[in-house]
Amino acid sequence: MLDQLIQLIILVLASIFVMIIHELPKAILFKKIYQKNNGSYKSNIYALHQYIDPIGLIFSVTNLAGFSKPFVYRYNDKKTNKVLGITGYISLAITFFISIFLLHLMNLNLIHSKGNNISFLQSFVYSFLLYVASTSIGMFLVNLFPIATFNMGLLIASKSSKSYYSIISKDYFIKILLILCMLFGVISKAAAIIINLFLFKIF
């Protein structure tokens with residue numbers, strides 16, 4: 001029971017970490033672009049709690065595939081939308097590959113030590129990295145859905161205003177489809193396949 005509680009806490013921490021890592025780079029870029037074009041920007045982008053989505057956190061804990069709360073952007077600049085959308089995907093991809101690389105190093109260390117004398121800290125870090133890898137790739141897949149506030153929505157907004165307003169009009173149905181994919185484990189299963197491929201097959 002205690003082990004399960006500890007794993008739950010680690011998963012929550014990893015999910016929150018991924019949410020922040022996903023949104024903060026976009027917010028920093030947006031602020032720099034806004035200041036360059038419009039002058040001072042007053043909103044505090046470093047209030048990290050604003051990137052934590054409660055519903056997304058629940059899905060992340062239950063399905064290892066959640067979503068973060070996006071910073072409020074302006075969508076009238078197509079170039080900015082494109083940069084922010086790509087940045088969101090890059091931040092998740094980098095987070096995933098770094099965590100996979102560190103897990104690979106820890107696996108080599110465990111093999112070398114033959115699994116003896118694994119400390120609580122080592123176990124904590126390993127679980128944290130594994131959850132970071134799982135939730136980051138899960139969030140990457142979630143953001144492939146064309147929802148207005150997701151990375152894909154930003155990329156669509158960068159291409160065509162008409163297409164962007166089209167996905168806004170279909171927002172309800174797209175979100176229903178996303179929720180169904182989450183509930184039936186489609187995204188978590190796809191994420192698990194990718195994790196196994198990079199963690200156990202390639203390295």
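The structure holds one cavity of 30 Å³ or more. This is a predicted model, in which local features need pLDDT of at least 70, side-chain atom pairs count only at pLDDT 80 or more, and totals for chains, interfaces and linings use all residues. Residues are numbered from 1 along each chain as its sequence is written, and side-chain values use heavy atoms, without hydrogens and water.

Start with the spaces. On a 1 Å grid over the protein atoms alone, a cavity is a set of points where a 1.4 Å probe fits but cannot get out. A pocket is an open set with protein on both sides within 12 Å along at least five of seven lines. Lining residues have an atom within 4 Å of a point. Grid points are joined across faces, edges and corners, and a volume is the space filled by probe spheres set on the points.

The largest cavity holds about 30 Å³ of space. Its lining is His22, Glu23, Lys26, Phe67, Ser68, Asn143, Thr149, Phe150 and Asn151. Helix 1 gives the largest share of this lining, three residues. Helices are DSSP runs (H or I, at least four residues), numbered from the N terminus. By class, the cavity lining has two nonpolar, five polar and two charged residues. Here Ala, Val, Leu, Ile, Met, Phe, Trp, Tyr, Cys and Pro count as nonpolar, Asp, Glu, Lys and Arg as charged, and the others, Gly among them, as polar.

The largest pocket holds about 170 Å³ of space. Among its lining residues are Asp53, Ile55, Phe59, Lys175, Leu178 and Ile179. Phe67, Ser68, Thr149 and Phe150 belong to the pocket lining, and they also line the largest cavity. Helix 2 (54-63) and helix 7 (171-183) each supply at least two residues of the pocket lining. The largest share, three residues, comes from helix 7. The pocket lining has eight nonpolar, two polar and two charged residues.

Now turn to the helix packing. Axes are lines fitted to C-alpha atoms, for helices over the stretch in contact, and angles run from 0 to 180 degrees between N-to-C directions. Contact means heavy atoms within 4.5 Å.

Helix 1 (residues 2-38) packs against helix 2 at an angle of about 130°, with axes 10 Å apart. The two are therefore oblique to each other (angles under 35 degrees count as roughly parallel, over 145 as roughly antiparallel, 65 to 115 as roughly perpendicular and the rest as oblique). From helix 1, Leu8, Leu11, Val12, Ser15, Ile16 and Met19 take part. Helix 2 brings Gly56, Leu57, Ser60 and Val61. This contact has seven nonpolar, three polar and no charged residues.

Helix 1 also packs with helix 4 (residues 120-142), at about 50° and with axes 8 Å apart. This pair is therefore oblique too. Residues of helix 1 in this contact include Ile6, Ile10, Phe17 and His22. Helix 4 meets them with residues including Phe120, Phe124, Tyr131 and Met139. The contact has 14 nonpolar, six polar and no charged residues.

Gly153, Ile156, Ala157 and Lys159 of helix 5 meet Ser161, Ser163, Tyr164 and Ile167 of helix 6. Four of these residues are nonpolar, three are polar and one is charged.
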